[in-house]
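This report examines selected local features of one protein model and its ligand. The sequence and structure are shown first, and the description follows.

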Amino acid sequence: TANQGIALVERDEDGVDKAFRSDVLAGLQQTQKAIPARWLYDDAGSQLFEDITSLEEYYPTRAETQILEARKDEFRRLIGADRAVVEFGSGSSVKTPLLLEAIAPAAYVPLDISGDFLRQSSAALAKKFPGLPVLPVEADFMKQVTLPAEVEEMRKLGFFPGSTIGNMVARTAVDLLRSMRATLGGTEGERPLLLIGMDLVKDVAVLEAAYDDARGVTAEFNLNLVRRINRELDGTIPVDDFVHRAIWNDDFSRIEMHLEAKCDMDFEVCEQRFSMAAGETIHTENSHKFSPRSANLLLLAGGWTPMARWTDDKDRFSVILAEA
Ligand code: AVI
């Protein structure tokens, strides 16, 4: 099948992740230096993101969890039982059980590129839901994934919580939504559903605080990328000479994370020399925020028709049910 039996991470003879190296070297050569946000998530980065989700200022996780808790009856009614739930990314400890309790699915299929995470979270869920077939697939869900034969005949529900779609530019987000459709399959009479979390536009001060918390955990999450480059790519980047910035870009309706150089500097990565002037930045993440209309437009562009929409009591976050 398309997704099985291939190495998901390609390494050179020194054990260096080739895609990481080429993204970093290409990104540091750009006029506006930029490194794709996926590289924030090594083990340390994933742990720091976990820590972020419980910060006072970081509302998205709590707001989405509140919606999933409050709407169980509606999910059950609109989605029905006996579907196979296909989660894009390994299940989080809190959100996935809420959905599985609500709709009593026939199977649960988590897809993740990290086999370790996948095995851990699958084992935890299997324990929590005895009798539920848990069928993890190690795959890059940005591309079409072949699902296990056991779920072929079942109706499908895709689950993509967390507003992770917001970390992609529109072109990539649309490609992903289309890949999800292809992965979930279905026919004219038996269309798959998608339950997706999308964060909402709000007061700029609230947004900037969510991405620049008082304890500095988000700053550490961002700076960890530089530590990772130094460790894995023989870098000499002076970590302490960078400050974390979270900036609202109104034209693109997104929070941008940057690392700003405090002084002029020269450094090396993989034996290549780079220099930065004081005030220059490396752009490390986008987190797009949606209006109800822009969320609908993105879903429609990706081949999904919104059917229902829920928000938390403070209108900070939305969960949308869409049909292929
Ligand atoms: C994973 N993703 C949805 C988070 C977000 O809010 O965009 C990543 C994050 N970056 C900084 N804080 C959290």
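## Residue A104

With a relative accessibility of 33%, A104 counts as partly exposed, because that value falls between the 20% and 50% limits of this class. The model described here is predicted.

A104 belongs to the loop that joins helix 5 (95–103) to strand 3 (107–112). R76 stands 28 residues from A104 in sequence, yet the two C-alpha atoms are 8.1 Å apart in space.

## Surroundings of the ligand

The ligand is surrounded by 14 residues, and the closest are Y58, N167, Y211, E285 and S287. By class, this shell consists of seven nonpolar residues, six polar residues and one charged residue.

In N167, an N or O atom of the side chain is 2.9 Å from a nitrogen atom of the ligand. For Y211, the corresponding distance from a side-chain N or O atom to an oxygen atom of the ligand is 2.5 Å. S287 has a polar side-chain atom 2.7 Å from an oxygen atom of the ligand. Taken on its own, the ligand has 340 Å² of accessible area, of which the protein covers 96%. Helix 2 (43–53), helix 9 and strand 11 (281–288) are the elements that contribute two or more residues to the shell.

## S287 in strand 11

Is S287 buried or exposed? S287 is a residue of strand 11, and it counts as buried because its relative accessibility is 4%, where the cut-off for burial is under 20%.

## Helix 9

Helix 9 comprises the 16 residues 217–232. From first to last C-alpha the helix reaches 22 Å, close to the 22 Å expected at 1.5 Å a residue. Its course includes a kink of about 25°, centred on L223.

Just after helix 9, D234 adopts a positive phi of about 55°.

Note on methods
Residues are numbered from 1 along each chain as its sequence is written. This is a predicted model: local features need pLDDT of at least 70, side-chain atom pairs count only at pLDDT 80 or more; totals for chains, interfaces and linings use all residues. Side-chain values use heavy atoms; hydrogens and water are left out. Helices (H or I, at least four residues) and strands (E, at least two) are DSSP runs, numbered from the N terminus. The expected span of a helix is 1.5 Å times one less than its number of residues. The bend at a residue is the angle between axes fitted to the seven residues ending there and the seven starting there. A residue is near a molecule or strand if one of its heavy atoms lies within 4 Å of it. A polar contact is a pair of N or O atoms within 3.5 Å; within protein, one must be able to donate a hydrogen and the other to accept it, and residues adjacent in sequence count only if both atoms are side-chain atoms. Accessible areas come from the Shrake-Rupley method with a 1.4 Å probe; for residues, only the protein chains shown count as cover. Ala, Val, Leu, Ile, Met, Phe, Trp, Tyr, Cys and Pro count as nonpolar, Asp, Glu, Lys and Arg as charged, and the others, Gly among them, as polar. Buried means under 20% relative accessible area, exposed over 50%, partly exposed in between (1.4 Å probe, protein chains only).
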